[in-house]
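Please consult the sequence and coordinates displayed here before reading the points below.

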Amino acid sequence: MAAAFYTMRGPMKRLLAALPAALVTLLVLAPTALAHDGGEGWWGETNDKVVTNAGFILIVFFPLFVLFASLLQGALDRRKARRKKIQKSLAREQEHWRGGW
């Protein structure tokens, strides 16, 4: 990485040098930005029931997400296979008619 740094041009070198400073600044200022309202979040005051229900929602969400993503992937793969099969048959048909004299 160090050798690559010396071969970079001006703007890229400055950007690479400024990124760690920006990251440290964000990490230092984040706790003060989130410390308003006594630590109360967007939902308001929470208790055990709210946290438990949020956990159940996550437990249900992720398996459903995996299921629907898998179904979508399968449908896209079938579509791709159909398109490849049609393209292959068309190429074979064109080759047949391209014979010449």
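The points below cover the confidence of the model, its overall architecture, a nonpolar surface patch and the aromatic pairs.

The model is predicted, and the protein has an average pLDDT of 85. Its secondary structure comprises three helices and zero strands, and 1% of its 101 residues count as buried.

**Confidence**
- A pLDDT of at least 70 is reached by 85% of the residues.
- Confidence is lowest in helix 1, residues 2-7, where the mean is 61.
- Confidence is highest in helix 3, residues 48-97, with a mean of 93.

**Architecture and surface**
- Read from the N terminus, the elements follow the order α-α-α.
- The accessible surface of the protein amounts to about 10,000 Å².
- Carbon and sulfur atoms account for 67% of that accessible surface.

**Nonpolar surface patch**
- Leu-58, Phe-61, Phe-62, Phe-65 and Val-66 make up a nonpolar surface patch of about 510 Å².
- Leu-58 is located in helix 3.

**Aromatic pairs**
- The structure contains two aromatic pairs.
- The ring centres of Phe-61 and Phe-62 are 5.0 Å apart and the ring planes stand at 75°, so this pair is edge-to-face; the class requires an angle over 60 degrees.
- Phe-61 and Phe-65 form a stacked pair, with 5.9 Å from centre to centre and 25° between the planes.
- Phe-61 and Phe-65 are separated by about one helical turn, because they are four residues apart in helix 3.
- Through these ring pairs, Phe-61, Phe-62 and Phe-65 are linked into a cluster.

Key:
Residues numbered from 1 in each chain as written. Predicted model: local features only at pLDDT ≥ 70, side-chain atom pairs only at ≥ 80, totals over all residues. Heavy atoms only, no water. pLDDT = per-residue confidence, 0-100. Helix = DSSP H or I, 4+ residues; strand = E, 2+ residues; numbered from the N terminus. Patch = residues over 30% accessible without salt bridge, like charges linked within 9 Å, V, L, I, M, F, W, Y side chains within 5 Å. Areas by Shrake-Rupley, 256 points an atom, 1.4 Å probe, with all protein chains shown as cover. Salt bridge = Lys/Arg side-chain N within 4 Å of Asp/Glu carboxyl O. Buried < 20%, exposed > 50% of the residue type's maximum accessible area, 1.4 Å probe, protein only. Phe/Tyr/Trp six-rings, centres within 6.5 Å; stacked < 30°, edge-to-face > 60°.
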